[in-house]
Amino acid sequence: MQDRLLDTIAPYRDRVDYLEIRLEQSESTLISYRGVHLDAVDRSFSLVGNARACHNGGWSFVTFNGLTDLKDRLEDAIAQAKLIGKETTQLAEIAPIQDYVAVEFGRDPRGIALDTKRQLIEHYNRLLVEFDPRIQTTMTSYSDRFKTTYFANSLGTCIAQERLDVSGRFGVVAKGADGLVRQGFESVHSRSDYAALEGLEAQVVQAADRAVRQLDAKPVKGGQYTVILDPYLTGVFIHEAFGHLSEADFVYENPRMQELLVLGKPMAIPQLNVVDDGTIPDLPGSLKYDDEGVPTQRKYLIKDGILTQRLHSRETAGKMQEAPTGNARAISAMHPPIVRMTNTGIEAGDATFEDMIRDIAEGVYAVRMLGGQTNGEMFTFSAAEGYMIRDGKLAEPVSDVTLTGNVFQTLKDIEAIGNDSVYKSGGCGKGGQSPLPVSTGGPHVRINNVVVGGR
């Protein structure tokens, strides 16, 4: 297939500034329960692809689901790019690469019977349904997907990458006597091994325990507090509030952000290091090459408190005269690659949790994330759980913990960074492409003067 794509694209190389083909073969399984009922069992196979061309700065994108008319699709892409292009093509240079990236399997889910997978997820779902009479419903699912993506471009690059994703998602809704509703979630993900989803009973029931526990929590009193984020909320915060601001297409199109995000600018205490790293093994956002054939890498968005890098496609890197970073990604071959994160988080520091909490007279410990939104530099996040901190110790649970602020001021208000670090799988949305596999992570982080809203 790699040879075929290279041979197909070769006669067209000199007709436009740039040309590429991406082909994706995949097979997937989804099993889901809602409450006690089996909600869906899906088994699917697909073959999709696209041809993308750039000429005089104008891009075209043509999709297909078979190879019979591939040459016609290339002609369409070339004609459309020439029709649109009116400026200058600016793409950062990269060396051509030829490679095949294979999955290193543990237990391959394709060798597991469908009913065996169904029985496993039914077992976990039953644990949640029967955990407590206040559990109203559950949302439990199993999914696996194996795909091979072939990529060839007019520079001579030809890359094939295999990818496996195996996931379990476990959610509950609990309802108290007063009508109050709370939710709890857990998820597990592996890039190589079906066995990662076996023996999860203790972790699965944490979703139900968390929801039921929050039914007894009282709303937090609104105000300004010293807040400690747990590792999961730390990761979501840095991804949503700062990671998206580091995506170069956003910066390039936003003059205000160009003023605020000047490389070399101090952003936080010297202990703060923010990374985006597509090379960490077995995480959802990891890949050897992005969807433009650029090798991924470990990038320091903030290094020792200083803004040092941003995330690029070849086009944004060319236009901003910076180095490409391997962050052009698409959720499938039916979509064009755009600038996206991979695995984004804060590096561990040197503070223990006990040190971080010891001198807080009154504060809030915010745990996991329930929801939130960002608008430029402003953010609002709702924690899934919260606990008051009183006289240096965790105290009563509180609910309705909503954190609000300006990300640039909040980064400056970080006081301590924990010596622990956890990455959690997730899905990111942007430009109509969702969910893109990513992970977010970091250690416990202590932040001063956070506005916390209650109910």
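**Charged pairs, cores and surface**

Trainee: Arg-210 forms a salt bridge with Glu-186. How many residues apart in sequence are the parts that this pair ties together?

Mentor: The closest N and O atoms of Arg-210 and Glu-186 are 3.0 Å apart, which meets the definition of a salt bridge (a side-chain nitrogen of Lys or Arg within 4 Å of a carboxyl oxygen of Asp or Glu). Arg-210 belongs to helix H4 (residues 201–214) and Glu-186 to strand E7 (residues 181–190), so the parts they tie together are separated in sequence by 24 residues. Helices (H or I, at least four residues) and strands (E, at least two) are DSSP runs, numbered from the N terminus. The separation requested is therefore 24 residues.

Trainee: What pLDDT do local features need?

Mentor: Residues are numbered from 1 along each chain as its sequence is written, and side-chain values use heavy atoms, with hydrogens and water left out. The model is predicted: totals for chains, interfaces and linings use all residues, side-chain atom pairs count only at pLDDT 80 or more, and local features need pLDDT of at least 70.

Trainee: Are Arg-210 and Glu-186 buried or exposed?

Mentor: Both residues belong to a network of salt bridges that also links Asp-209, Arg-213, Arg-368, Glu-385 and Lys-424. Buried means under 20% relative accessible area, exposed over 50%, and partly exposed in between (1.4 Å probe, protein chains only). On that scale, Arg-210 and Glu-186 are both buried.

Trainee: Which residue forms a salt bridge with Glu-247?

Mentor: The N to O distance in this pair is 3.0 Å. Glu-247 lies in the loop between helix H5 (231–243) and helix H6 (248–252), while its partner is in strand E21 (residues 422–430), so parts 183 residues apart in sequence are tied together.

Trainee: In which helix do Glu-122 and Arg-118 both lie?

Mentor: Their side chains meet in a salt bridge with an N to O distance of 3.1 Å. Glu-122 is partly exposed at 26% relative accessible area, and Arg-118 is partly exposed at 21%. The two are four residues apart, about one turn of the helix, and both lie in H3.

Trainee: Which residues have the most contacts inside the largest nonpolar core?

Mentor: A nonpolar core is a set of buried Ala, Val, Leu, Ile, Met, Phe, Trp, Tyr and Cys residues joined through side-chain atoms within 4.5 Å. The largest has 46 residues, and those with the most contacts inside it are Phe-242, Leu-272 and Leu-411.

Trainee: How far apart in space are Ala-81 and Asp-17, C-alpha to C-alpha?

Mentor: Ala-81 is found in helix H2 (residues 70–84) and is buried, at 0% relative accessible area. Leaving aside neighbours within four places in sequence, Ala-81 is in contact (heavy atoms within 4.5 Å) with residues including Ala-53, Cys-54 and His-55. Asp-17 is 64 residues from Ala-81 in sequence, and their distance in space is 9.5 Å.

Trainee: How many disulfides does a search of the whole structure find?

Mentor: A disulfide is a pair of cysteine sulfur atoms within 2.5 Å. Cys-54 is buried at 2% relative accessible area, and Cys-158 is buried at 3%. The number of disulfides found in the whole structure is zero.
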